[in-house]
Amino acid sequence: MGRNRVVVYPDWCKGCGICAAFCPKKVFAVGLDGKAQVVNEEACVNCGFCEPHCPDFAVMVIPENDVPETPEPAPTEAKEETL
Amino acid sequence: MTAPRKKHREAFLLGNEAVVEGALAAGCSFYAGYPITPSTEIMECMAKRLPHVPDGVFLQMEDEIASMGAVIGASLAGRKAMTATSGPGFSLMQEQIGYAAMTETPLVLVNVMRGGASTGLPTSPGQGDVQQARWGTHGDHPIIVLSAADVPECVEMTVTAFNFAEKYRTPVILLLDEITAHTREKIDLPEPGDFEIFSRLTPTMPPEWYKPFEETMRGVPPMPPIGSGYRFHVTGLTHDALGFPTSRPEEVRALTERQFRKIDRFFEDIQLVEHVGTADAEVVVIAYGCVARSARLAVRQAREAGVRAGLLVLKTLYPFPRRHVEPLLRSCRLAVVPELNMGQLSREVKRVNEGHTVVRTINRIDGQIITPSQILKEIA
Amino acid sequence: MAEITQLIHKYLRHNKKFPLVFCPGCGHGIVLGSLVRSVHALGLNKDDVVIVAGIGCSGRIAAYVDFNTVHTTHGRALTVATGIKMANPKLTVIAVMGDGDAFSIGGNHLIHAARRNIGVTALVLNNFIYGMTGGQCSSTTPEGAYSHTSPMGQLESAFDIVELTKAAGAAGVSRGTVYHVKELDALVADALSRPGFNLVEALTPCFTQYGRGNGFKSAVEMFRWLKDSCLPIERFEKLEDRTGKIPLGSFVRRDIPGLETRYAAMCEGVRRKKGGAA
């Protein structure tokens, strides 16, 4: 767990809060600057919600098997929560 | 314009049918329209002919706005496309005329003028759409407006309309009137080679270098058909050289100025007129459309009666052929402008008149033609 | 998952200004993403895809993607799309319209495009409001909803886009939302790959102009509303109380060849007959 990398592009983020509100693992929070921030990257399970739901293409999740030096396979448990 | 004529097939055609002959000779392969009197024969004839033309497409749309939309779409996809309409339909088309002018989309629109405002006189002639053809759509925009006075001219001016549209990337309006459209005359059907046919320039540079609305020598940027690998943006918003919306004053100005300049620099090519005995004239009749035919006879009769009368037939109405009209206004003591309206082209004549001559108008708005004797009375 | 964003970046125009012009939380960007993923999934060449957009917020989508893009006048996207498709049937033509665009000013064009089944995909971004002009009611604003031109609540009833398009004879009609993105992707891809006129209604919240005036506290809340009130048609039909519920999915899938195909067949017949006679 916890080896997915989560990136927010602050230039493109408008701080709508969709990622923060719907992330099943509370990976995001909207910061004081009005932009989404990654606050709990460890918890990311790569469920696939945030990327297609970001209206501004400002969120990117690099799954753990794409991150160099990652031994374990990705968990899939949270899939259902996204519909 | 015409090369030496070879052996031709003859036909006895309506002006409206002659428009179709001209369009097909010019390479038109797309027609979209909505039926309206007195232009309907153009549409009916196209419906029969276009399925026989390679890749020819005929569409009856749900209204005139849609007709113009389809024509614009087809033109963007590389076709020579046209529509035809009459008064009320012409009013509906104004929105899309503006879009075509703004996006510099070549197309030909034939407006067969009928009498009156609104539904008016659907089966009678009129010439009341002249100013609307120039300024009907909102905002500053360049446009070319042509007219034809008889059936052979319907062929010739339709070809010219397509050539201008393609050469200058602009909508071209061909104004006919009910009389010209519904007169049946013997004509020589056009054969390949009769007319010089112009097709739009397409870009040859690599797609990534292409700027769709760039300033060029002629002011007319090359235009690739959609789907040919040049992916670009077309918008009715004021746009920069790449076609993206802009409101930067310098870019807005550059766009509008280029759009005007691309027409203004070629007045010599665009402004077509016919001089009949104007060289020594002291009285000149300035006419267009069916009225020009009456004027032709009136001027001949005036000559026979000893009046030095001349006739200037305007084939191009806009850009207004000032360079032909102004010298005549200086050399003649009287200019007569007969029209089937309350005075629309005469406004242009008066505008370029610098007080050298008297401009008299003959206006008829009762759905009847201006007769030769009516004109003769004014000039003799 | 990273490939999703990377993929979209590959289809965006890099000479355009980003971020998108839309308000925070506007669903239009999500629809744009859905469109790009569908085009990619079908393996279409960028050169062969044409986006024809109308006027309004939805109209701004066209400029951002690296396809052939045409931003037309208000309500007329389908007319231009029809011309393009008939002129070059090889192209994949997608008309992107808003609710006001497609069903108010362009309503006539829409029913006729559906009736003649021109091979165009219509993507209608329904946000129940005129967003760009500042929040006036549209023909899909629900009865009773507030807007700047229905300050006492909308008196008129709203169009059901799906039912209307279905009745007009479209080959395919479906509805998705920007909350149910994966389903939306599938609906758009399906519409793009089928012949005839296929319409996808995408419900997309407009918090700025619609939500604020109608009791939503944030864009997120509007997404929650989509999540709670929309459900697949199969489940919707089993409901006893359907009040406030919106069915999603594919409502019509008729096999009707596009007008361009029928027209080409007609022309071929005409020419063959002529050739035989001569």
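This section describes the sheets, the helices packed on them and the chain contacts of a predicted model.

Confidence was examined for chain A. The mean pLDDT of chain A is 84, with 77% of its residues at 70 or more. Over residues 77-83 of chain A, pLDDT stays under 50, and the model has 13 contacts beyond four places in sequence for this stretch.

Chain A meets chain C through 22 residues, which are in contact with 25 residues of chain C. On the chain A side, at least two residues each come from helix H1 (18-22), helix H2 (50-53) and strand E4 (59-62) of chain A. The element that gives the most is E4(A), with four residues. By class, this side of chain A consists of 13 nonpolar, five polar and four charged residues.

Chain B also touches chain C, with 36 residues of chain B in contact with 37 residues of chain C. Two or more residues of the chain B side are given by each of strand E2 (30-33), strand E3 (57-60), helix H3 (64-76), helix H4 (87-103) and E10 of chain B. H3(B) gives the most to this side, with nine residues. The side of chain B that touches chain C divides into 21 nonpolar, ten polar and five charged residues.

Chains B and C are also joined by strand pairing. E10(B) runs parallel to E2(C), and three bridges join the two strands. Within this pair, Thr235(B) has His71(C) of E2(C) as its bridge partner. The pairing belongs to an open sheet of nine strands with mixed pairing, in the order E10(B)-E2(C)-E1(C)-E3(C)-E4(C)-E8(C)-E7(C)-E10(C)-E9(C). Its edge strands are strand E10 (233-235) of chain B and strand E9 (230-232) of chain C, each of which pairs on one side only. With direction ignored, neighbouring strands of the sheet are turned by 20 degrees against each other on average.

Within chain C, strand E1 (residues 49-53) and strand E2 (residues 68-71) pair in the parallel sense over four bridges. Ala53(C) stands opposite His71(C) in E2(C); His71(C) is also the bridge partner of Thr235(B). Helix H3 (residues 77-87) of chain C lies across E1, E2, strand E3 (92-98) and strand E4 (120-126) of chain C, and runs at about 180 degrees to E3(C).

Helix H5 (residues 107-116) of chain C has His109(C), Leu110(C), His112(C), Ala113(C), Ala114(C) and Arg116(C) as its buried residues. In general, an α-helix has 3.6 residues a turn, so residues three or four places apart point the same way.

Strand E8 (residues 171-177) of chain B runs parallel to E7(B), and four bridges join the two. The bridge partner of Val145(B) in E8(B) is Ile173(B). Helix H6 (residues 151-168) of chain B carries the chain from E7(B) to E8(B) in a right-handed β-α-β crossover. E7(B) also pairs with strand E14 (residues 316-318) of chain B, here in the antiparallel sense over two bridges. In that pair, Leu146(B) stands opposite Thr316(B).

A further sheet of chain B is open and has five strands in the order E11-E13-E12-E15-E16, with mixed pairing. Strand E11 (273-276) and strand E16 (358-363) of chain B are the edge strands, each pairing on one side only. From one strand to the next, the twist averages 20 degrees. Strand E12 (residues 283-287) and strand E15 (residues 334-339) of chain B pair in the parallel sense over three bridges, and Val283(B) has Leu334(B) of E15(B) as its bridge partner.

Helix H12 (residues 345-352) of chain B lies across E12, E15 and E16 of chain B and runs at about 160 degrees to E15(B).

How values were computed:
Residues are numbered from 1 along each chain as its sequence is written. Chains are lettered from A and ligands numbered from 1 in the order in which they are written. This is a predicted model: local features need pLDDT of at least 70, side-chain atom pairs count only at pLDDT 80 or more; totals for chains, interfaces and linings use all residues. Two residues are in contact if their C-beta atoms, placed from the backbone, lie within 7 Å. Ala, Val, Leu, Ile, Met, Phe, Trp, Tyr, Cys and Pro count as nonpolar, Asp, Glu, Lys and Arg as charged, and the others, Gly among them, as polar. A residue is buried if 20 or more other C-beta atoms lie within 10 Å of its own, exposed if 12 or fewer, and partly exposed in between; C-beta atoms are placed from the backbone. Two strands pair if DSSP finds at least two bridges between them. Axes are lines fitted to C-alpha atoms, for helices over the stretch in contact, and angles run from 0 to 180 degrees between N-to-C directions. A crossover is right-handed if, with the strands pointing away from the viewer, the path from the first strand over the helix to the second runs clockwise. pLDDT is the predictor's confidence in each residue, from 0 to 100.
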